[in-house]
Amino acid sequence: MSPSLLALLGFIAWTLLLLVLMEVLRTRLVVTGRVPANGFDPGNSRLSPFMQRLARAHANCLEGLPIFGGLLLLAVVAGRSAVTDPLALVLLAARGVQSVIHLTSTSARAVSLRFTALAVQTLIGVYWVIRLLGA
């Protein structure tokens, strides 16, 4: 599997892992009677700060997947994965770092580091678009 496809699979798997974690925690809240089954909203706004951060980290993945996943898939389908392969796993690592920081802290330093991880992904995406358009 090429680095681009591996990164795409990793991005999807990471997004799915966050969803599974959120649903396991929500299920536990329902089963223990702490929250009614219809007591959830998409942002977990009535739940713990961790659950709110988890929902936002998952949403961040969903927001980025069409852009970054689309670029990875486009490059592979077009036979241009040489453009995306060198930085594909860097992009995946930056996504993981962004999510982990999102889950663990809201300090000013953490927010700055999380933004840096997003900026890395964004710059890689812009670079890929420029390279793919220039072909």
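**Helix packing and the nonpolar core**

Colleague: Which helices do the buried residues of α4 pack against?
Modeller: This is a predicted model. In it, the buried residues of α4 pack against α2 (49-77) and α3 (81-104).

Colleague: Which residues of α4 are buried?
Modeller: The buried residues of α4 are Ala 110, Arg 114, Ala 117, Gln 121, Ile 124, Gly 125, Trp 128 and Leu 132.

Colleague: How many residues does α4 have, and what length does it reach?
Modeller: Helix α4 covers residues 108-133, which is 26 residues. From its first C-alpha to its last, α4 reaches 37 Å, close to the 38 Å expected at 1.5 Å a residue.

Colleague: Let us take Gln 121. Is it buried or exposed?
Modeller: Gln 121 lies in helix α4. Its relative accessible area is 0%, so Gln 121 is buried; the cut-off for buried is under 20%.

Colleague: And what does Gln 121 touch?
Modeller: Not counting residues up to four places away in sequence, Gln 121 touches Phe 68, Leu 91, Ala 94, Arg 95 and Gln 98.

Colleague: Changing topic to α3: where does it bend?
Modeller: α3 bends by about 45 degrees at Leu 87. The helix has 24 residues and reaches 34 Å from its first C-alpha to its last, close to the 34 Å expected at 1.5 Å a residue.

Colleague: Why does His 102 count as buried?
Modeller: His 102 lies in helix α3. It counts as buried because its relative accessibility is 7%, and the cut-off is under 20%.

Colleague: Which side chain makes a polar contact with the side chain of His 102?
Modeller: That is the side chain of Asn 60, at 3.2 Å. Leaving aside its neighbours within four places in sequence, His 102 is in contact with Arg 53, Arg 56, Ala 57, Asn 60 and Arg 114.

Colleague: Now the largest nonpolar core. Which of its residues touch the most other members?
Modeller: Of its 25 residues, those are Leu 18, Met 51, Leu 54, Leu 72, Leu 91 and Trp 128. The helices α1 (3-31), α2, α3 and α4 each supply at least two residues of this core.

Colleague: Which helix gives the most to this core?
Modeller: α2 gives the most, with 9 residues. In soluble globular proteins, nonpolar side chains tend to be buried together.

Colleague: Finally, what does Met 51 touch?
Modeller: Met 51 touches Met 22, Leu 25, Arg 26 and Asn 44, not counting residues up to four places away in sequence.

Technical notes:
Residues numbered from 1 in each chain as written. Predicted model: local features only at pLDDT ≥ 70, side-chain atom pairs only at ≥ 80, totals over all residues. Heavy atoms only, no water. Helix = DSSP H or I, 4+ residues; strand = E, 2+ residues; numbered from the N terminus. Expected span 1.5 Å × (residues − 1). Buried < 20%, exposed > 50% of the residue type's maximum accessible area, 1.4 Å probe, protein only. Contact = heavy atoms within 4.5 Å. Bend = angle between axes of the 7 residues up to and from the residue. Polar contact = N/O pair within 3.5 Å; in protein donor to acceptor, adjacent residues only side chain to side chain. Core = buried A, V, L, I, M, F, W, Y, C linked by side-chain atoms within 4.5 Å.
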